[in-house]
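We will go from stop to stop, picking a few residues each time.

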Amino acid sequence: MIEASLAEGVVGRAIERGLIDVAIHDLRNFTADRHRSVDDVPYGGGPGMVMKPEPIFKALDAIEARRGGRPTVLLTTPQGARFTQAAAERYSSSKNVVLLCGRYEGVDERVLSRVDEEVSIGDYVLSGGELPALVVVDAVARFVPGVVGDDQSVAEDSFSRGLLDFPHYTRPAVVGAERVPEVLLSGNHAEIRRWRKRESLARTLVRRPDLLEKATLDEEERRLLAELQELQDGRIAELQNRKTGQ
Ligand code: 4GX
């Protein structure tokens, strides 16, 4: 699953070009028993299995020795702090990052002594930490210089600016009854920039108002947002008045 995914797309090309190096380690190679066990029954009873600490400690020791220095160790788990674009940028400046992929019910709690951060990619339950780890690798790799062709597009990525993206259109200008917004065909780049800002702000206001608290807005964006909020308040007032019959 991990090998096949890492061979594809932007991350695959980054590895080919030597911009990033990703090694996959099978914890079974760090076991000592005949069955190469990486899990065991939980103390205290109950269903499911728990990942044993020693293979994880041995794997971390081997990685540390090979890379020469303490890596940033992340554990993918629903108990973690939500993985964000800001976290991706932060991890991209670590020389080495280890993504510990949990399986079963989780890992022995003592493993956390070697974990720098627990990260969750969202509030749903997956059957292993491999897909979250691949998500983290992808988002972090995009911050490594040269990985994304256009540095500008990383800087302008909607989440780097803290706002949702504006709508995109390509040819043809008319599909069925749907036309591309006239401003985008106008060639007026100042107007286009303003329209895109307004659309980004309007979408964020409606779909993810929580993002606006942290977004860094320029003067023009603050003004546009105030206008949009006024429009929105007007609509709410209108609805309230209709309900109360005023
Ligand atoms: N975002 N899972 C990890 C096993 C597990 C449980 C506890 C360590 C501690 C997930 C997520 C996720 C399922 C990966 C349970 N490992 N990880 N796994 N959502 O659902 O990160």
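Select arginine 208. It is partly exposed, with a relative accessible area of 32%. Here, buried means under 20% relative accessible area, exposed means over 50%, and partly exposed lies in between (1.4 Å probe, protein chains only). Before moving on, note that this is a predicted model: local features need pLDDT of at least 70, side-chain atom pairs count only at pLDDT 80 or more, and totals for chains, interfaces and linings use all residues. Residues are numbered from 1 along each chain as its sequence is written, and side-chain values use heavy atoms, leaving out hydrogens and water.

**Charged pairs**

A salt bridge is a side-chain nitrogen of Lys or Arg within 4 Å of a carboxyl oxygen of Asp or Glu. Aspartate 210 is partly exposed too, at 41%. Side chains of opposite charge can pair when their charged atoms come close.

Next, select arginine 179 and glutamate 182. They form a salt bridge, and the closest N and O atoms are 3.6 Å apart. Is glutamate 182 buried or exposed? It counts as exposed, at 51% relative accessibility. Arginine 179 is partly exposed, at 49%.

Now go to helix H10, residues 219–244. Helices (H or I, at least four residues) and strands (E, at least two) are DSSP runs, numbered from the N terminus. Select glutamate 219 and arginine 222. Their salt bridge has its closest N and O atoms 3.9 Å apart. The two are three residues apart in H10, so about one helical turn separates them. Glutamate 219 is exposed at 55%, while arginine 222 is partly exposed at 47%.

Then pick Asp61, Glu64 and Arg114. A network of salt bridges links them. How many salt bridges does a search of the whole structure find? It finds 14.

**The largest core**

Select Leu27, Ile56, Leu100, Val107, Val111 and Val115. These have the most contacts inside the largest nonpolar core, which has 15 residues. A nonpolar core is a set of buried Ala, Val, Leu, Ile, Met, Phe, Trp, Tyr and Cys residues joined through side-chain atoms within 4.5 Å. Helix H3 (53–67), strand E3 (72–82) and strand E4 (97–101) each give two or more residues to this core. H3 gives the largest share, four residues.

Zoom in on valine 111. It touches Pro53, Ile56, Phe57 and Leu100, not counting residues up to four places away in sequence. Contact means heavy atoms within 4.5 Å.

**A second core**

Move to Ala88, Tyr91, Val136 and Val148. They are among the twelve residues of a second, separate core. Alanine 88 sits in helix H4, residues 85–91. It is buried, with a relative accessible area of 0%. Show its contacts: alanine 88 touches Phe83, Ala139, Val140 and Phe143, leaving out residues up to four places away in sequence. Then draw a C-alpha to C-alpha line from alanine 88 to aspartate 138. They are 50 residues apart in sequence and 9.0 Å apart in space.

**Last stop: the surface**

Select tyrosine 124, in the loop between strand E5 (117–120) and helix H5 (130–141). It is partly exposed, at 42%. With Tyr124 they form a nonpolar patch on the surface, with about 410 Å² of accessible area together.

Key: Patches are made of residues with over 30% relative accessible area and no salt bridge: like charges are joined within 9 Å, nonpolar side chains (Val, Leu, Ile, Met, Phe, Trp, Tyr) within 5 Å. Accessible areas come from the Shrake-Rupley method with a 1.4 Å probe; for residues, only the protein chains shown count as cover.
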